[in-house]
Amino acid sequence: IKKITTHTLLKMKAAGEKISMITAYDFSFARLFDEAGIDVVLVGDSASNVMAGHETTVPITLEQMIYHAQCVVRGINRSLVVVDMPFGSYQSNSDVALASAIRIMKESGAHSIKLEGGEEVVESIRRIVSAGIPVMGHLGLTPQSIYKFGTYNVRAKEEAEAAKLKKDALLLEEAGSYAIVLEKIPASLAQEVSRSLTIPTIGIGAGAGCDGQVLVMHDMLGINNTFKPRFLRQYLNLQEQIHAAVTQYISDVKSGDFPSEKESY
Ligand code: KIV
Ligand code: NA
């Protein structure tokens, strides 16, 4: 089996082959996605929302991210695993950032880390990369900054923010990042940024001009039917199917239909 590495992703961009990425937070789903042939599995700090039930990604801890990463890694044979550095584990200074990145790599067995931000985190990225840890960047709508933004609306619609994003993308590439997530920005801007870089961009709500796409598994599988942004393509309606299945199970238990003789010893 040929494992996906950060070098594979660079070659895919050069060859014009799109990169597929999905989030996972546990062993069972990670294994399913790996077996389906996904290129990259992201242990997203969206675990804070979809696993822990928090409203934002701010509360999830480094220990909790490491736990999810350990579970995911056990399900992976071929895909590249990238783990989000949670809020508070890298923003204060590059010593803290490096120490947190080392903990994630050492304790989880993942292949790389991701962190949010541009110029502000460039020194940290440089030091983490120098330590031998591949870094994925994340620009545009960076959810750890939700209290600064105030909303989850599209970012960089205005020229000043778009200009900073373009500059940040180049800084991230220069600092040694192997890829950059572009979240919820205009498609034209994402395409321009993608063309300006050698490293691949992976979009979410950033249009078709990116070198790859990422979706949160719960969103694309329809496990939470309340989150339906324009950028989301829902491939299943699992919420409906799970509701029907569990409703049937309850009714079978209540009626005594389950278990049958065949299901008994
Ligand atoms: O945490 C996450 O799921 C992410 C993706 C949306 C890119 O960062
Ligand atoms: Na994230």
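Does threonine 56 count as buried, exposed or partly exposed, and how many C-beta neighbours does threonine 56 have inside 10 Å?

## Threonine 56

Threonine 56 counts as partly exposed, because 15 C-beta neighbours lie inside 10 Å. The scale works like this: 20 or more other C-beta atoms within 10 Å of a residue's own makes it buried, 12 or fewer makes it exposed, and anything in between is partly exposed, with C-beta atoms placed from the backbone.

You'll find threonine 56 in the loop between helix 3 (47-50) and helix 4 (62-73). Helices (H or I, at least four residues) and strands (E, at least two) are DSSP runs, numbered from the N terminus. Setting aside neighbours within four places in sequence, threonine 56 is in contact with Ser48, Pro143 and Ile146; contact means that C-beta atoms, placed from the backbone, lie within 7 Å.

## About the model

This is a predicted model, where local features need pLDDT of at least 70, side-chain atom pairs count only at pLDDT 80 or more, and totals for chains, interfaces and linings use all residues. Residues are numbered from 1 along each chain as its sequence is written, while chains are lettered from A and ligands numbered from 1 in the order in which they are written.

## The whole chain

The protein chain has eleven helices and eight strands. Its radius of gyration (taken over C-alpha atoms) is 20 Å, close to the 18 Å that the globule rule gives for 265 residues, so the chain is as compact as a globular protein of that length. That rule is 2.2 Å times the number of residues to the power 0.38.

Of the 265 residues, 42% count as buried. The largest nonpolar core has 63 residues, and Val41, Val43 and Ile104 have the most contacts inside it. Such a core is a set of buried Ala, Val, Leu, Ile, Met, Phe, Trp, Tyr and Cys residues joined through C-beta atoms within 7 Å.

UniProt lists Glu183 for "active site" in an unreviewed entry; positions follow the numbering used here, feature names are shortened, and annotations may be inferred rather than shown by experiment. Glutamate 183 lies in strand 6 (residues 179-183) and is buried, with 22 other C-beta atoms within 10 Å.

Glu183 is also one of the residues around ligand 1, including Thr23, Asp45 and Val216; each has its C-beta atom, placed from the backbone, within 6 Å of the ligand.

Key: Two residues are in contact if their C-beta atoms, placed from the backbone, lie within 7 Å.
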